[in-house]
Amino acid sequence: MTEQIRKVPYLADKAKNEDVDVKGKNSSFQARYVSWATTAKVINDHCDGWTWHLKPFNEGNYVWTAPNGTGYLISYFCNPEGVPQTDFFYAIMKNNQSVALENITARVLADNTRRCYCANACKQFSYGHQLWRNIEIEDEKNLEESNTPTDQQQNNPTIADGDKPIPKDHKEALIEELKEKCKEDPDLKGNVIAKLQDITPDYAKENNPSISKFLTQKKHYIAVKDLFKKGGVKT
């Protein structure tokens, strides 16, 4: 079994920021994704001999019927030896809702087939797992590369990683993201303030706490991002 696992390509580090598109750029809801074409290219580049398949329903088509009358797909990859891997189930969706069998058009089927392929690639090879978990790809790496050393860092090169400053563009983007998320979750701002007070005790002394004022270091940035990932719940 161990030898079999070792033969499966591991693509967790192959999803890059430049490959990411954003759906709904001008709306309050935004989704980050890698297109099916880019996913296919990565699989073709790094998974030589692996093939992707849809499992046909026993009547010949590829749409399976759930007990409530909605449709779903079953897909799987075969390794270079032709051995099928684990089945992957994918609900056919439109506007984030399951679709009844009689409402599955050719377009809906085609779109969901591509999404199923991308999701199956994540399950099989870990490709794009950051996006499926709603995490920034290489965010901390980019934050590190764009840091400008402060006088404090220059005088003390051993300064802790979390105490490094946030680049201005990262801070502005995070504050804008926070504003959008607060529209959907009124409790989020309070949880962010509480989290920052835990990290920086001086923040708790402020009569009118300003998130912008105390969102200055890498540890603050990571803490707020972590809250986003947890749905705004402070732990």
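1. Thr113 is buried (under 20% relative accessible area, where exposed is over 50% and partly exposed lies in between; 1.4 Å probe, protein chains only), because its relative accessible area is 18%. The residue sits in helix H3; helices here are DSSP runs of H or I with at least four residues, and strands are E runs of at least two, numbered from the N terminus.

2. This is a predicted model, with local features needing pLDDT of at least 70 and side-chain atom pairs pLDDT 80 or more, while totals for chains, interfaces and linings use all residues. Residues are numbered from 1 along each chain as its sequence is written, and side-chain values use heavy atoms, without hydrogens or water.

3. The Thr113 side chain reaches the backbone oxygen of Leu109 at 2.7 Å. Setting aside neighbours within four places in sequence, Thr113 contacts (heavy atoms within 4.5 Å) Trp52, Leu54 and Leu73.

4. Phe125 touches Val8, Pro9, Tyr10, Leu11, Ala12, Ile43, Cys47, Trp50 and Phe77, not counting residues up to four places away in sequence.

5. The protein chain has 10 helices and eight strands. Of its 235 residues, 36% are buried.

Terms used
A polar contact is a pair of N or O atoms within 3.5 Å; within protein, one must be able to donate a hydrogen and the other to accept it, and residues adjacent in sequence count only if both atoms are side-chain atoms.
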